[in-house]
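Me: I would like to learn how to read a model like this one, feature by feature. Where do we start?

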Amino acid sequence: RICRMDDEASNLAAAAANAALYGGTAQGAKVMKELAELAMGIRHKELQGMVAKEALEGLQLCELHARRCVGVLLQGFSELGRGDQLVADAVWALNKITQACDATRQW
C-alpha cells in the first residue's frame, strides 16, 4: 500500500509540473491576469463588466488554491511525529515559494 501511495504522489507531482511547464493549465492563470488588466481598457461597459467579473473570479480561485497549497506545507510543521523528511521537505518548499513569490510571505 505504501508503494502505491508513493507512485500516486509521484504521478501527481509529475502531472502538476507538466501542467505548469507545458500545459494550458498554467497559461489559463496568465490569461486571466492579462484580461483583468485589460478590462479597464474595454470601452463597451457590458463587455467590460463581464470580462472583469470572470477574470476576477478566476484569479480569486487561483489565489484560494495557492493559499491552500501553502497551508498544506505549513501543516508539515505540525506533523513532527511523522518524520524528519516531512518537515525538511516542508521547510525546503516554503523557502523556495517565499523566495519566488512575495505574496506567500503574507499568507
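Me: How should I read the confidence of the protein chain, and where is it lowest and highest?

Reply: Where pLDDT is low, the predicted coordinates should not be read in detail. This is a predicted model, and the protein chain has an average pLDDT of 88, with 93% of the residues scoring at least 70. Confidence is lowest in helix H1 (residues 2-21), with a mean of 80, and highest in helix H3 (residues 45-78), at 93.

Me: What span does H3 reach from its first C-alpha to its last?

Reply: The 34 residues of H3 reach 49 Å, close to the 50 Å expected at 1.5 Å a residue.

Me: Which residues of H3 are buried, and what do they pack against?

Reply: An α-helix has 3.6 residues a turn, so residues three or four places apart point the same way. In H3, the buried residues are Gln48, Val51, Ala55, Gly58, Val70 and Gly76. Their packing partners are H2, helix H4 (84-100) and helix H5 (103-106).

Me: Is threonine 104 buried or exposed?

Reply: Buried means under 20% relative accessible area. Threonine 104, in helix H5, is buried because its relative accessible area is 8%. Leaving aside residues up to four places away in sequence, threonine 104 touches Val70, Ile97 and Thr98.

Me: Is leucine 38 buried or exposed?

Reply: The cut-off for exposed is over 50%. Leucine 38 lies in helix H2 (residues 24-38) and counts as exposed because its relative accessibility is 52%. Together with Val31 and Leu35, Leu38 forms a nonpolar surface patch with about 260 Å² of accessible area.

Terms used: Residues numbered from 1 in each chain as written. Predicted model: local features only at pLDDT ≥ 70, side-chain atom pairs only at ≥ 80, totals over all residues. Heavy atoms only, no water. Patch = residues over 30% accessible without salt bridge, like charges linked within 9 Å, V, L, I, M, F, W, Y side chains within 5 Å. Areas by Shrake-Rupley, 256 points an atom, 1.4 Å probe, with all protein chains shown as cover. Salt bridge = Lys/Arg side-chain N within 4 Å of Asp/Glu carboxyl O. Helix = DSSP H or I, 4+ residues; strand = E, 2+ residues; numbered from the N terminus. Buried < 20%, exposed > 50% of the residue type's maximum accessible area, 1.4 Å probe, protein only. pLDDT = per-residue confidence, 0-100. Expected span 1.5 Å × (residues − 1). Contact = heavy atoms within 4.5 Å.
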